[in-house]
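Visitor: I've got a model open on my screen and would like a walk around it. Can we take it one spot at a time?

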Amino acid sequence: MQETTVVVQNKVGLHARPAAMFVQLANKFKSEIFIAKIGDGGNKEVSAKSILSILTMGIYQGTEVRIRANGEDEEDAVNALRELIETNFGQPDGEA
């Protein structure tokens, strides 16, 4: 099992287009991948491969999230998803 935490910095959080990009990338991996908000009291974890689950989490700019993967490509999955968030989904101005 691999996991990491990262703070979402883009202005729109993990909604609409960035959520779709996140899910598309997660689905490229064979591992089970989960995402959870940190510090919201429950740390509810959902599948990182489900756009609906991610959109209902309410991940906004400044939200810290945990990405966890379990499977044969878990390390690559966690690293790729962390990098996607850290690079503001490829948008230099942070508006993905």
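Visitor: Leaving aside neighbours within four places in sequence, which residues is Ile35 in contact with?
Guide: Keep in mind that this is a predicted model. Ile35 is one of the core members that touch the most other members. Once its neighbours within four places in sequence are set aside, the contacts of Ile35 are Leu14, Phe22, Lys44, Glu45, Val46, Ala48, Ile54, Met57, Ile59, Val65 and Arg66.

Visitor: And which elements each supply at least two residues of that largest nonpolar core?
Guide: The core has 25 residues, and Phe22, Ile33, Ile35, Ile67 and Ile85 touch the most other members. In soluble globular proteins, nonpolar side chains tend to be buried together. Here, at least two core residues each come from H1, strand E2 (32-37), strand E4 (64-70) and helix H3 (74-86).

Visitor: Arg66 and Glu45 turned up on that contact list. Is Arg66 buried or exposed?
Guide: Arg66 sits in strand E4 and Glu45 in strand E3 (residues 45-47), so their pairing ties together parts that are 21 residues apart in sequence. Their side chains meet in a salt bridge at 3.6 Å, N to O. Glu45 is partly exposed at 30%. With a relative accessible area of 16%, under the 20% cut-off, Arg66 counts as buried.

Visitor: Now a loop: which residue's backbone oxygen does the Asn10 side chain reach?
Guide: Asn10 is in the loop between strand E1 (2-7) and helix H1 (16-26). Even so, Asn10 is buried, at 0% relative accessible area. At 2.9 Å, its side chain reaches the backbone oxygen of Gly13.

Visitor: What about the outside: which residues form a nonpolar patch on the surface?
Guide: Ile51, in helix H2 (residues 51-55), is partly exposed at 34%. The patch has about 260 Å² of accessible area together, and its residues are Ile51, Leu52 and Leu55.

Notes:
Residues numbered from 1 in each chain as written. Predicted model: local features only at pLDDT ≥ 70, side-chain atom pairs only at ≥ 80, totals over all residues. Heavy atoms only, no water. Helix = DSSP H or I, 4+ residues; strand = E, 2+ residues; numbered from the N terminus. Buried < 20%, exposed > 50% of the residue type's maximum accessible area, 1.4 Å probe, protein only. Polar contact = N/O pair within 3.5 Å; in protein donor to acceptor, adjacent residues only side chain to side chain. Patch = residues over 30% accessible without salt bridge, like charges linked within 9 Å, V, L, I, M, F, W, Y side chains within 5 Å. Areas by Shrake-Rupley, 256 points an atom, 1.4 Å probe, with all protein chains shown as cover. Salt bridge = Lys/Arg side-chain N within 4 Å of Asp/Glu carboxyl O. Core = buried A, V, L, I, M, F, W, Y, C linked by side-chain atoms within 4.5 Å. Contact = heavy atoms within 4.5 Å.
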